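Dear colleague,

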Amino acid sequence: MSRRSDYFPVLGIQDFKDDHSLETPLLFNELYGERSIDDPHKHDFFIINIFEKAKGNHTIDFVDY
């Protein structure tokens with residue numbers, strides 16, 4: 001039985017693509033400046049993050065990094 005507090009929306013890779021007509025299963029996304037996503041969510045794909053310089057935190061499975 002699923003409780004409301006256990007529900008997190010699932011974001012697919014298509015939610016991050018500007019051009020939805022691309023057929024490639026890979027996406028390169030370069031970020032500059034501060035970003036803040038405050039709402040918990042899940043992904044249905046794997047993400048590899050590479051940082052050259054950063055500050056702040058990223059919470060994964062309720063653990064802050």
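What follows is a short account of what was found in the model, from the chain as a whole down to single residues.

This is a predicted model, in which local features need a pLDDT of at least 70 and side-chain atom pairs count only at pLDDT 80 or more, whereas totals for chains, interfaces and linings use all residues. Residues are numbered from 1 along each chain as its sequence is written, and side-chain values use heavy atoms, with hydrogens and water left out.

The mean pLDDT of the chain (the predictor's confidence in each residue, from 0 to 100) is 77, and 77% of the residues score at least 70. Confidence is lowest in strand β3 (residues 59-60), with a mean of 84, and highest in strand β4 (residues 63-64), with 89.

The chain contains zero helices and four strands, so its order from the N terminus is β-β-β-β, where helices (H or I, at least four residues) and strands (E, at least two) are DSSP runs numbered from the N terminus. Of its 65 residues, 3% count as buried; buried here means under 20% relative accessible area, exposed over 50%, and partly exposed in between, with a 1.4 Å probe and protein chains only. The accessible surface comes to about 7,000 Å², of which 54% belongs to carbon and sulfur atoms; the areas come from the Shrake-Rupley method with a 1.4 Å probe, and for residues only the protein chains shown count as cover. Among contacts (heavy atoms within 4.5 Å) with a separation of 6 or more, 62% are between residues 24 or more positions apart.Leu-11 belongs to strand β1 and is partly exposed, at a relative accessible area of 25%. Leaving out residues up to four places away in sequence, Leu-11 touches Phe-16, His-41, Lys-42, His-43, Asp-44 and Phe-45. The C-alpha atoms of Leu-11 and His-43 are 4.9 Å from each other, although 32 residues separate the two along the chain.

His-41, in turn, sits in the loop between β1 and β2 (42-43) and is partly exposed, at 30% relative accessibility. Beyond its neighbours within four places in sequence, His-41 is in contact with Phe-8, Pro-9 and Leu-11. The side chain of His-41 also makes a polar contact of 3.2 Å with the side chain of His-43, and one of its polar atoms lies 3.1 Å from the backbone oxygen of Asp-39. A polar contact is a pair of N or O atoms within 3.5 Å; within protein, one must be able to donate a hydrogen and the other to accept it, and residues adjacent in sequence count only if both atoms are side-chain atoms.

Rings of Phe, Tyr and Trp (its six-membered ring) pair if their centres lie within 6.5 Å, with planes under 30 degrees apart counting as stacked, over 60 as edge-to-face and the rest as tilted. By this rule there is one aromatic pair. The ring centres of Phe-8 and Phe-62 are 6.1 Å apart and their planes lie at 55°, so the pair is tilted. This pair links distant parts of the chain, with Phe-8 in the segment before β1 (10-11) and Phe-62 in the loop between β3 and β4, 54 residues apart.

Most residues other than glycine have a negative phi. Asp-61, however, has a positive phi of about 50° without being a glycine, and Phe-62 likewise has a positive phi, near 65°. Asp-61 lies in the loop between β3 and β4 and is exposed, with a relative accessible area of 68%, while Phe-62 is exposed with a relative accessible area of 70%.

With best regards
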